[in-house]
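Have the viewer open as you read.

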Amino acid sequence: MFLKSLPAWFELQSHYAEIHHEHMCDWFTAQADASPTRAERYTIGGAGLTLDFSKNRITDATLALLLQLARETGVEARRDAMFAGAIVNPTERRAALHGLLRGSVGNSAGVDLSQEIAKVAHERAKMAAFADAVRSGKRTGYSGKPIRHIVNIGIGGSDLGPKMVAHALHHFADPQLKLHYVSNVDGTDLQRVLEQIDAETTLVIVVSKTFTTQETMTNARSLRAWLASQGCPEDQLHHHFVGVSANPDEVVRFGIPRDAIFEMWDWVGGRYSLWSAVGLSVMIAVGPAHFERLLAGAHQMDQHFIETPLERNLPVIMALLGIWYRNFFGAQSLLVAPYSEALHFLSSYLQQLDMESNGKSTRLDGMPVDGETAPVIWGEPGTNGQHAFFQMVHQGPTLVPVDFIAVLKPEHALPGHHAKLLANCFAQSEALMLGRPIEAARKVAGADRPDLAPHLVFPGNRPSNTLLLEALTPESLGALIALYEHKVLVQAAIWNINPFDQWGVELGKILGKVVETDLLAANAAAVSPHDSSTSHLIELARAALKA
């Protein structure tokens with residue numbers, strides 16, 4: 001299937017040529033007295049979330065053609081195959097069963113998942129028992145003191161997902177427990193955590209599918225050595241470690257007993273793994289009941305994605321809007337702006353979810369893609385972003401679509417804050433859409449400053465979505481995460497790529513081991529040949545390390 005040969009693609013190209021110069025303001029004005037209004041027609045909901053996508057450069061015709069494209073590219077078939085447990089990751093010959101972790105994948109014709117379902121139930125019960133033991137004080141450190149610090153050591157999906165969720169659900173967490181996340185092999189990351197924890201009351205969760213990941217195992221070994229240096233006897237270190245892995249033998253070799261190993265499986269990709277034992281730190285923090293609510297929210301979004309017609313389907317609509325801007329307007333990035341400090345790490349999490357999944361240039365059939373794929377995902381919480389990069393979003397020459405995310409009910413009781421936060425969020429999307437023409441800019445500048453007027457012009461017509469959560473609960477957070485997961489799948493189906501592998505991270509890892517060996521070589525003669533730049537960098541680093 002060549003994307004650009006499809007009928008819908010040709011029609012979208014012609015349609016883009018017809019409307020891309022039009023201004024959204026004119027559509028709102030023309031339909032001001034319509035019933036339903038543009039906002040009402042372009043607002044949909046599901047799994048407790050509400051999406052207003054009326055501030056987009058689309059008409060009913062645009063939407064119809066995008067939906068036609070979704071059907072011509074087999075979006076529904078790809079969706080159904082994933083939830084049926086079929087092999088949807090052909091390069092690794094695996095299913096993608098993260099939906100099974102939240103009860104959304106079951107047995108279907110030709111695919112027997114009964115063993116996987118039983119394993120998930122067993123592991124979930126084991127997680128809950130362990131979390132309760134830590135939270136109650138039954139699980140202690142070597143000296144008998146209750147656990148007060150949880151250190152999660154992982155990288156990529158073993159860090160970004162749990163860290164994001166734990167921060168988001170902080171208002172549901174046990175205040176006696178302090179969570180710390182270490183991912184970077186830069187020792188500064190671990191050192192800052194060591195300065196905050198106490199050896200007698202620290203539990204370390206080492207998360208690695210292979211238990212050979214360089215960054216993770218370096219940090220784990222350093223933390224084990226630190227615990228011993230702080231007085232923990234060697235034969236008591238097991239009180240302070242548990243492992244999450246698909247390679248239990250390697251975990252045992254590290255020194256963690258088998259009964260302290262939580263299993264993960266090859267059919268769960270790292271960036272989809274927070275629903276598994278990778279989320280153990282979250283379950284300990286908020287408790288098993290709230291973790292189940294997180295899963296339930298994701299399940300609700302799964303059901304919405306499976307059952308809702310494409311025209312009212314949240315992940316489908318968001319994915320199609322992304323296709324519209326990426327492939328027709330040439331937008332190279334997507335700004336995710338959560339107006340919630342609790343969602344501080346959401347943009348970082350979505351960077352991996354989207355760009356590691358869809359940052360591909362090879363189709364499923366091995367041929368090059370015939371168009372652009374994943375945009376650059378970036379962002380920070382509002383209102384901070386307004387005082388940093390929103391200048392570029394409003395007045396820069398680059399088109400940057402925005403996903404605004406707002407929570408209607410705050411997690412705090414401080415008066416006067418939340419209305420200001422929401423006002424900023426809604427005003428930013430309005431300003432991006434409206435802009436400020438030169439006539440209005442002249443009035444603002446005043447008669448005595450005509451030179452200032454051009455600098456006060458805003459082009460407007462900048463597109464955005466606004467996603468609303470009634471409150472930030474485990475359910476709404478689970479639904480939000482699953483929404484973006486499914487958006488990624490829909491776009492992958494349209495681009496005809498595999499969103500479940502990540503071969504692009506392998507070459508750097510392989511070369512990194514060679515360079516590390518060269519940095520630590522006893523003499524320069526033992527250093528491997530490289531290009532002149534890399535060789536020079538190695539030479540400079542070797543000199544610095546010896547100094």
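Predicted model: local features only at pLDDT ≥ 70, side-chain atom pairs only at ≥ 80, totals over all residues.

## The second largest pocket

Two or more lining residues come from each of H7, strand E6 (178-182), helix H8 (187-194) and helix H16 (418-434).

As for space, the second largest pocket holds about 840 Å³. Sort its lining by class and you get 16 nonpolar, 12 polar and 8 charged residues.

## The largest pocket

The largest pocket comes in at a volume of about 1,100 Å³. Its lining counts 40 residues, with Thr-213, Gln-502, Val-505, Glu-506 and Lys-509 closest to the centre.

H19 has the largest share of the lining, at 6 residues.

A quick bit of background: rolling a probe the size of a water molecule over the atoms shows where empty space is left. How many cavities of 30 Å³ or more does a search of the whole structure find? The count is 3, and the largest cavity has about 160 Å³ of space.

Around the largest cavity sit 18 lining residues, with Leu-321, Gly-322, Tyr-325, Leu-334 and Pro-401 nearest the centre. Helix H13 (314-328), strand E10 (333-339), strand E12 (402-409), strand E13 (464-471) and H18 give two or more residues each to this lining. H13 gives the most, with 5 residues. By class, the lining of the largest cavity has 9 nonpolar, 6 polar and 3 charged residues.

## H6 against H12

Now for a helix pair. Helix H6 (residues 114-136) packs on helix H12 (residues 288-307) with the axes 10 Å apart and an angle of about 140 degrees. Angles over 145 degrees would count as roughly antiparallel, so H6 is classed as oblique to H12.

On the H6 side, the contact uses Arg-124, Met-127, Ala-128, Ala-131 and Asp-132. H12 brings Pro-288, Phe-291, Glu-292 and Leu-295 to the contact. In this contact of H6 with H12 there are 6 nonpolar and 3 charged residues, and no polar ones.

## Two residues, inside and out

Is His-486 buried or exposed? With a relative accessibility of 1%, His-486 counts as buried, since the cut-off for buried is under 20%. His-486 sits in helix H18 (residues 474-495), the helix that also contributes to the lining of the largest cavity. Beyond its neighbours within four places in sequence, His-486 touches Met-82, Phe-83, Arg-102, Met-301, Asp-302, Phe-305 and Pro-315. Among these partners of His-486, Met-301, Asp-302 and Phe-305 fall in the residue range of H12, while Pro-315 falls in that of H13.

For contrast, take Glu-234, in the loop between H9 and strand E8 (241-245). Its relative accessibility is 63%, so Glu-234 counts as exposed. From Glu-234 to Trp-275 is 41 residues in sequence and 33 Å in space, C-alpha to C-alpha.

Most residues other than glycine have a negative phi, and most peptide bonds are trans. Where do the cis bonds listed here sit? One runs from Ser-35 to Pro-36, with omega near 0 degrees, and Pro-36 belongs to the loop between helix H2 (24-30) and helix H3 (38-41). Another joins Gly-382 and Thr-383, with omega about 15 degrees. Thr-383 is in the loop between strand E11 (376-378) and helix H15 (390-395).

On the phi side, Phe-211 has a positive value near 60 degrees. Phe-211 lies in the loop between strand E7 (202-207) and H9, and its 2% relative accessibility makes it buried. Asn-461 also has a positive phi near 60 degrees. The loop between helix H17 (438-445) and E13 holds Asn-461, which is buried at a relative accessible area of 7%.

Note on methods. Residues numbered from 1 in each chain as written. Heavy atoms only, no water. 1 Å grid on protein atoms, 1.4 Å probe; cavity = no way out; pocket = protein on both sides within 12 Å on 5 of 7 lines; lining within 4 Å. Points joined across faces, edges and corners; volume = space filled by probe spheres on them. Helix = DSSP H or I, 4+ residues; strand = E, 2+ residues; numbered from the N terminus. Nonpolar A, V, L, I, M, F, W, Y, C, P; charged D, E, K, R; others polar. Axes fitted to C-alpha atoms, helices over the stretch in contact; angles between N-to-C directions. Parallel < 35°, antiparallel > 145°, perpendicular 65-115°, else oblique. Contact = heavy atoms within 4.5 Å. Buried < 20%, exposed > 50% of the residue type's maximum accessible area, 1.4 Å probe, protein only.
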